[in-house]
Every structure is written in structure tokens, then in C-alpha cells.
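Please find below a colleague's note for someone meeting this structure for the first time. The points are meant to be read with the structure in view.

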Amino acid sequence: MKLAVFDFDSTLMDGETIDFLAKPLGLEEKVAKITEKAMAGELDFFESLVERVSLLKGLEYKKAVEICKDLPLMPGAYELVSELKKRDYKVVCFSGGFRIGTTPAKEKLGIDADFSNILHEKDGILTGLVGGDMMFGFSKGDMIQRVQSLLGVSKENTLVAGDGANDVSMFPYAQKRVAFCAKDILKKEANIIVDEKDLTKILEHI
């Protein structure tokens with residue numbers, strides 16, 4: 001068995017979930033600027049996540065769920081997941097974003113598991129608070145070791161792919177390290193670089 005772990009925002013999905021959620025509040029630009037800095041490694045991931053989610057306070061939870069049901073998947077996502085499964089990979093998604101985004105995508109793509117964060121809501125309204133498995137810069141590295149241990153998969157049989165600073169922590173645990181349309185901070189740690197928005201390009205390297 002082999003393991004493939006993909007970031008969600010700007011890797012499996014074309015865009016950043018939190019930017020889509022900020023749009024109805026007219027805060028898309030403000031949130032996007034913070035996201036950009038966080039992904040470039042200029043901000044602490046945890047602090048930037050807490051700050052961005054606080055700006056979503058007041059958004060109807062139902063509206064957030066609706067937005068996340070129809071997030072645009074990256075070109076080649078279906079083909080990539082299907083081909084990896086044929087090649088005996090367990091395919092998993094790790095996201096510093098939110099379960100309401102990763103779970104619909106998991107179901108559409110036939111991914112084996114998704115690990116992400118939960119937006120706190122009370123009385124049907126987002127409170128601006130967040131919690132979950134993927135809150136910190138080190139979270140993905142921490143989780144990939146647990147998943148490898150659980151499945152009995154070695155570093156040699158692991159592939160990881162992401163685009164930003166919060167993906168760096170999982171790179172030491174994989175032999176195939178893909179920087180997909182990525183920030184320089186991640187490209188430095190990668191041994192496979194894909195600069196085209198087409199996930200099937202990853203298959204040329206494995």
C-alpha cells in the first residue's frame with residue numbers, strides 16, 4: 001500500500017475556501033491578503049487562521065455550507081485521484097481550511113479521508129471561532145506520521161503535494177514531494193515541481 005496526501009486549498013481545489021466565504025461579507029480582499037502572506041510563510045499559520053476566521057463572524061452557517069458544496073476543483077483532480085487509486089494509493093486530504101469544504105470534495109473525488117478544521121457556529125451563525133486537527137504550521141507533519149503509522153506505510157511509499165508554507169511540515173515524511181503552483185518556501189523543499197494548473201502532470205513523475 002502507498003499513501004498520497006494532498007493539501008486542499010489551491011491544490012485539490014482551485015482557490016482558497018476562506019476567500020470564497022469572505023466574499024458575501026465584502027471581505028474577500030482583506031482575507032485574501034492575509035492568506036497570501038500566511039502561505040508565503042510571512043505569518044504564523046495559527047495566528048493568521050484565527051484572524052481570518054474571526055472576520056467570518058456573522059455569516060449564516062447554511063450559506064457557508066452552500067458556498068463550500070460548489071467549490072471549484074482543480075483541473076485534473078478527478079483523473080489524478082482515480083489513477084492513484086488504481087496504483088494502490090490511499091488518497092488523503094489535509095487542509096488548514098474547513099470540513100464543510102473538504103468533505104464534499106472528498107465525496108466527489110472518492111478520497112479515502114479528509115482532515116481539516118471546524119468552523120464554530122451557534123444558532124446557525126458563524127461565531128468567528130475555529131478548532132480542529134489542522135490549526136498549526138506543524139499540524140500536517142504531525143498528522144502524516146500518525147496516518148503512516150496507522151496504515152503501515154513507509155516514507156518511501158508516500159507522496160505529498162501542496163502549495164504553501166503550512167505544507168512544509170509534511171515534506172520530510174515523503175519520498176515524493178510535490179510543489180504544485182507553489183510558493184517559493186515550498187518549492188525549496190520539493191523534488192517535483194508542477195507550475196501548471198493541471199493535477200494530472202503529477203502522474204508524469206510517479
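Predicted model: local features only at pLDDT ≥ 70, side-chain atom pairs only at ≥ 80, totals over all residues.

1. Residues are numbered from 1 along each chain as its sequence is written, and side-chain values use heavy atoms, with hydrogens and water left out.

2. Most residues other than glycine have a negative phi. Ser-10, although not a glycine, has a positive phi of about 65 degrees, and it lies in the loop between strand 1 (2–7) and helix 1 (17–22), where helices (H or I, at least four residues) and strands (E, at least two) are DSSP runs numbered from the N terminus. Ser-10 is buried at a relative accessible area of 19%, given that buried means under 20%, exposed over 50% and partly exposed in between, with a 1.4 Å probe and protein chains only.

3. Cys-181 likewise has a positive phi, near 45 degrees, and is placed in the loop between strand 6 (176–180) and helix 8 (184–187). Cys-181 counts as partly exposed because its relative accessibility is 29%.

4. Leu-150, which is in helix 7 (residues 139–151), counts as exposed at 75% relative accessibility.

5. The count of disulfides, each a pair of cysteine sulfur atoms within 2.5 Å, comes to 0. Cys-93 is in no disulfide, the nearest cysteine sulfur being that of Cys-68, 12 Å away, and Cys-93 is buried at 2% relative accessibility. The sulfur of Cys-181 is too far for a bond, because the closest cysteine sulfur, in Cys-93, is 16 Å from it.
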